[in-house]
Amino acid sequence: MRLFDRSLIGMFRSDATGRLLRANDALAAMLDCGTVAEVLTVNLRDVFASSEDVLADDATDGDFVESRRVRWKTRTGGEVTVQLTGQFVHTSAGLVLNATAIDLTETSALQQRSQAQRQEHKLTANILERVLGQMPALYWLTDLDLRIVQTSGAVEQILGYTADKYIGVRLADVLTHDPASGDSLGDHKRALAGETVIQENRYRGKMMANVVAPYRNLAGDIIGVLGTSIDVT
């Protein structure tokens with residue numbers, strides 16, 4: 001009982017009609033109910049934000065609800081994404097569902113932000129591709145770990161290797177294999193700190209004029225480094 005009441009995971013028991021027979025504080029908080037007594041006035045069928053309902057009319061003793069992801073409406077009109085896991089059990093009071101509910105709302109939001117960032121990377125890459133295709137130049141994008149996630153332009157013509165050679169490789173490892181003059185790694189770290197660095201260095205026998213700048217998302221947060229380079233040999 002103590003584990004049930006104090007668990008940080010929402011836990012509940014409902015009957016086959018959706019009436020909550022038992023719930024803990026975590027479930028009350030998840031549904032924006034002030035107390036367990038308040039959440040027990042809620043019918044589970046009423047909180048589903050979509051037509052999907054785990055309280056199937058044909059459920060029988062022993063049936064499982066296995067990690068079902070659903071959307072719930074809260075008491076205050078919001079929505080939470082919930083992962084439900086439980087089992088139907090026949091008791092003296094009839095068929096009941098014993099279940100846990102894990103709030104995945106923040107996880108889902110992070111996944112959406114990550115998707116948006118990938119789309120921004122793609123949009124930026126398409127724009128740079130068109131611009132740099134008209135000059136002896138190349139560009140690259142890194143993530144916050146200075147791992148190269150995109151590179152294009154006249155890479156093969158200028159540097160002699162394909163544009164995807166170092167995709168997924170950390171910049172430090174690239175420079176170990178193909179060293180450049182100057183402190184290119186340090187310049188990228190300065191860019192992550194918000195600075196735009198303009199410098200020239202020698203790389204693979206070419207003199208390159210480089211601009212290394214913070215790469216930001218639409219909210220203005222730095223999510224990597226954007227570098228451009230022109231062969232000025």
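Predicted model: local features only at pLDDT ≥ 70, side-chain atom pairs only at ≥ 80, totals over all residues.

User: How many helices and strands does the protein chain have?
Analyst: Both are DSSP runs numbered from the N terminus: helices are H or I with at least four residues, strands are E with at least two. Counted that way, the protein chain has seven helices and 10 strands.

User: What percentage of the residues is buried?
Analyst: Buried means under 20% relative accessible area, exposed means over 50%, and partly exposed is in between (1.4 Å probe, protein chains only). Of the 233 residues in the protein chain, the buried share is 39%.

User: Is Ala213 buried or exposed?
Analyst: Ala213 sits in strand 9, residues 206–216. Its relative accessibility is 15%, so Ala213 counts as buried.

User: Which elements do the buried residues of helix 7 pack against?
Analyst: Ala191 is one of the buried residues of helix 7, along with Ser184, Gly186, Asp187 and His188. After helix 7 comes Gly194, which has a positive phi near 110°. The buried residues of the helix pack against strand 6, helix 6, strand 8, strand 9 and strand 10 (222–231).

User: What is the volume of the largest cavity?
Analyst: On a 1 Å grid over the protein atoms alone, a cavity is a set of points where a 1.4 Å probe fits but cannot get out, and lining residues have an atom within 4 Å of a point. Grid points are joined across faces, edges and corners, and a volume is the space filled by probe spheres set on the points. The structure holds one cavity of 30 Å³ or more, and the largest has a volume of about 350 Å³.

User: Which residues lie nearest the centre of the largest cavity?
Analyst: The elements giving two or more residues to its lining include strand 6 (137–142), helix 5 (155–159), helix 7 (184–192) and strand 9. Of the 23 lining residues, the ones nearest the centre are Leu138, Trp140, Leu159, Tyr161 and Tyr203.

User: Which side chain makes a polar contact of 2.5 Å with the side chain of Asn210?
Analyst: A polar contact is a pair of N or O atoms within 3.5 Å; within protein, one must be able to donate a hydrogen and the other to accept it, and residues adjacent in sequence count only if both atoms are side-chain atoms. Asn210 lies in strand 9 and counts as buried at 5% relative accessibility. The 2.5 Å partner is Ser229.

User: And which side chain is joined to Asp15 by a polar contact?
Analyst: Asp15 is found in strand 1, residues 10–15. With a relative accessible area of 13%, Asp15 is buried. At 2.7 Å, its side chain is joined to that of Thr17.

Definitions and conventions:
Residues numbered from 1 in each chain as written. Heavy atoms only, no water. 1 Å grid on protein atoms, 1.4 Å probe; cavity = no way out; pocket = protein on both sides within 12 Å on 5 of 7 lines; lining within 4 Å. Contact = heavy atoms within 4.5 Å.
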